[in-house]
Amino acid sequence: MNFDYTEEQIALQDTLRRFYARDYGFEHRRAMTKSADGFDRGAWATFAEFGILALPFPEDFGGLNGTAIDTMLVMEMLGRGLALEPYLPSVVLCGGLIRDAGSAAQKEALLPAVAGGELMLAFAHFEAGGRYALDQVATKATPGGGGWKLDGAKAVVLAAPSAGKFIVSAREGLGLSLFLVDAGAPGLSLRSYPTQDGARAADLRLDGVQVGAEALIGPAGGALPLIERAVDYANAALCAEAVGIMAALNEVTLEYLKTRKQFGVPIGKFQALQHRMADMVIATEQARSMATLAAVRADSDDAAERSRSIAAAKAYVLQSARLVGQQAVQLHGGMGVTDELNVGHYFKRLTMIGLSFGDVDYHLGRFSDTLLAA
Amino acid sequence: MDLNFTPEEIAFRDEVRNFLRAKLPPEISHKVHGGKRLEKEDFVRWQKILHAKGWGAASWPANHGGTGWTAVQQHIFDEECADAGAPMQLPFGLRMVAPVIMAFGNAMQQARFLPRIVDGTDWWCQGYSEPGSGSDLASLKTRAVRNGDHYVVNGQKTWNTLGQYADWIFCLVRTSSEGRQQEGISFLLIDMKTPGITVRPIIMMDGEHEINEVWFEDVRVPVENLIGEENKGWTYAKFLLGHERTGIAGVGRSKRELKKLKAIARRESSAGRPLIEDQRFRDRIAQVELELMALEITNLRVISAEGEKKRAPGPEASILKIKGSEIQQLLTELQMQALGHYALPYLHESLDPDWSGDPAMPAYEDDAGPLSGHYFNVRKTTIYGGSNEIQKNIISQMILGL
């Protein structure tokens with residue numbers, strides 16, 4: 001048992017920290033949220049240079065063979081930097097799916113392109129009526145035309161406007177299947193919009209989208225375990241991103257408590273506020289412990305243990321995130337509710353993490369139900 | 001970064017398990033699992049068994065008669081002992097006064113006191129708090145006046161745990177009223193058989209005699225029992241409190257109590273179904289389990305960082321104290337709540353080791369009796385060892401610099 005990062009991991013962390021301090025300040029980010037893409041393509045190219053777009057992929061496909069711990073470390077830094085770039089959907093989630101379930105040809109075609117920054121992917125799985133349950137898919141796959149015809153609608157597909165290809169889930173008979181769909185495929189339409197945290201997403205409609213046999217990812221009708229694994233992986237990554245944001249919020253809030261004066265003294269001299277800040281620090285340290293657990297278990301082949309630990313971690317981290325986010329705003333007083341400080345922006349991202357890939361109730365319920373097994 | 005035990009650590013865990021299976025007396029573990037009252041003899045007997053194996057002081061360095069174990073080994077040992085139902089090793093000698101004697105005592109004091117702590121000969125108790133000095137400990141008034149080669153001690157200590165059995169008490173006493181109040185405190189070791197000491201019980205909410213007041217009336221203490229320098233006691237006191245807090249997380253014991261909570265929730269029924277199938281109650285168990293999972297890892301992070309730096313526990317220990325105490329309280333609250341109607345009867349005799357239910361109350365399980373009392377008892381955990389509010393002061397001042 002040890003809790004240390006390797007020298008390489010520390011170096012990567014420093015690189016990303018320097019990048020955000022130097023090239024991705026608050027005003028720059030604000031400008032990017034208002035740009036057409038909603039993120040910084042220059043930053044994406046820099047990520048490719050750093051190698052983080054290749055991190056979780058096998059060496060044979062241009063990757064760096066990184067572990068979930070490496071992904072955790074990157075996500076924590078992206079959280080601190082309040083990154084708008086679609087690292088989670090494209091690299092962690094879809095890249096991870098192709099890595100774990102794609103054919104050799106699919107890996108060859110997709111992973112080097114993702115790693116190089118030329119191709120972005122998006123995960124078109126969740127639907128309006130299914131909420132967070134992973135098996136609730138109404139989109140249909142009908143065999144025909146040497147492949148399948150896809151019909152249905154997908155809700156709030158993260159990073160959809162910038163995606164070159166989608167991974168779309170669809171029901172065929174009793175099972176779920178995953179298909180690779182080009183962004184320009186006839187019959188596919190997007191209703192794009194910004195999200196509360198400044199990123200981009202879209203609702204998708206699929207009207208008779210024809211895909212070939214080579215578009216199938218993994219076994220026909222047997223995709224649910226793959227989806228579960230990929231979403232677990234994404235949730236472990238989101239835990240790390242949330243921890244990065246909480247650590248950053250604690251730093252700016254602490255600084256504010258030391259500098260903002262009322263009644264002639266820094267407001268950090270007031271015990272009510274000191275204890276609130278102590279609660280935020282405790283919540284963040286505990287969340288960091290659970291995010292570490294999630295990362296360690298994300299690579300586990302024991303699906304039950306992996307799911308149980310990551311459900312626990314997400315449920316816990318989200319509760320900590322709610323406390324830290326809300327109290328960071330509260331301790332900043334009126335300035336906390338403006339658009340002018342990074343506090344509000346961190347808070348919005350943290351809140352949206354709490355509603356992505358399962359909320360507190362969903363994950364607590366998943367964990368709680370494992371107690372029924374004796 | 002790796003949360004798995006190494007093969008060596010797994011071998012060590014198995015060694016501890018085998019030892020516990022062979023050497024932990026079943027009549028003692030029966031009491032622990034059943035929440036029964038532990039007697040002085042139980043604690044002493046277990047300490048002597050551990051000492052015979054060379055495991056009497058898991059947290060001490062080997063040169064003082066300890067195991068010299070790594071932080072992870074200590075964690076494994078704690079967890080296995082708790083799970084097997086071993087009595088907690090009382091902290092007053094092992095984890096409180098001993099580190100102070102090692103760090104600040106002279107060679108003679110180390111040779112005199114440490115071996116008798118680890119082998120279970122001496123029972124130590126604590127003389128810190130006073131009726132007027134709780135959270136504001138440095139305001140303490142018990143006086144020690146130098147008279148030749150003795151100090152003469154007068155005053156009153158309180159919240160003294162199990163001092164009715166003690167051979168020795170470590171005391172903070174005022175030796176000067178000059179300067180800041182922290183600067184006039186000294187750290188004295190006092191033989192409980194010295195004339196002038198009176199121990200009076202304080203009965204707690206659960207009806208048990210666990211706590212005392214201790215009165216000192218012209219108690220003569222040889223100056224050789226002074227630790228370190230006169231008027232430097234506050235430094236030693238704070239050092240001791242840091243050590244107290246790390247042991248206080250109680251992860252192993254809470255894991256045992258969580259197991260017990262789940263067993264009760266499977267056994268008790270609600271509307272004809274096992275209580276654990278009631279989603280509202282199950283979610284409460286799940287929530288406290290999450291807290292405990294997080295605390296276990298945070299605890300390991302803190303102790304492994306301390307192990308590397310070879311330093312005394314820092315202010316991070318306050319996080320462990322706050323979370324650990326809250327979890328202990330939540331667990332006892334849920335155990336009590338799980339009993340439903342049968343949380344109400346007060347059958348004090350159920351704490352006796354040979355009590356095994358009342359034939360006239362067949363639905364009243366023999367381990368139900370102590371549970372409500374435990375809930376009332378552990379309200380102390382967020383108050384003792386520096387209340388949780390004091391811990392938050394420590395975090396905001398020592399870690400955050402507010």
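This is a predicted model: local features need pLDDT of at least 70, side-chain atom pairs count only at pLDDT 80 or more; totals for chains, interfaces and linings use all residues.
## Domains of chain B

Chain B is split into three parts. Domain 1 spans residues 7-89, domain 2 spans 124-232 and domain 3 spans 248-399. Between domain 1 of chain B and domain 2 of chain B, the C-alpha centres are 30 Å apart.

## Strands around β7 of chain A

Strand β7 of chain A covers residues 200-212 and pairs with strand β3 of chain A, residues 147-158. The pairing is antiparallel and has 9 bridges. Within it, A:K154 sits opposite A:L204 of β7(A).

β7(A) also pairs with strand β6 of chain A, residues 188-194. These two strands run antiparallel as well, joined by 7 bridges. Here A:R191 faces A:D203 of β7(A). β6(A) and β7(A) form a hairpin with 5 residues between the strands. In that hairpin, A:G198 adopts a positive phi near 90°.

In a regular strand, side chains alternate between the two faces of the sheet.

## Contact between chains A and B

On the chain B side, 35 residues are in contact with 30 residues of chain A. Three helices of chain B each supply at least two residues to this side: α9 (279-309), α10 (317-338) and α12 (388-399). α9(B) gives the largest share, with 14 residues.

By residue class, the side of chain B that touches chain A holds 19 nonpolar, 7 polar and 9 charged residues.

Terms used: Residues are numbered from 1 along each chain as its sequence is written. Chains are lettered from A and ligands numbered from 1 in the order in which they are written. Domain bounds come from an automatic or database domain assignment. Two strands pair if DSSP finds at least two bridges between them. Helices (H or I, at least four residues) and strands (E, at least two) are DSSP runs, numbered from the N terminus. Two residues are in contact if their C-beta atoms, placed from the backbone, lie within 7 Å. Ala, Val, Leu, Ile, Met, Phe, Trp, Tyr, Cys and Pro count as nonpolar, Asp, Glu, Lys and Arg as charged, and the others, Gly among them, as polar.
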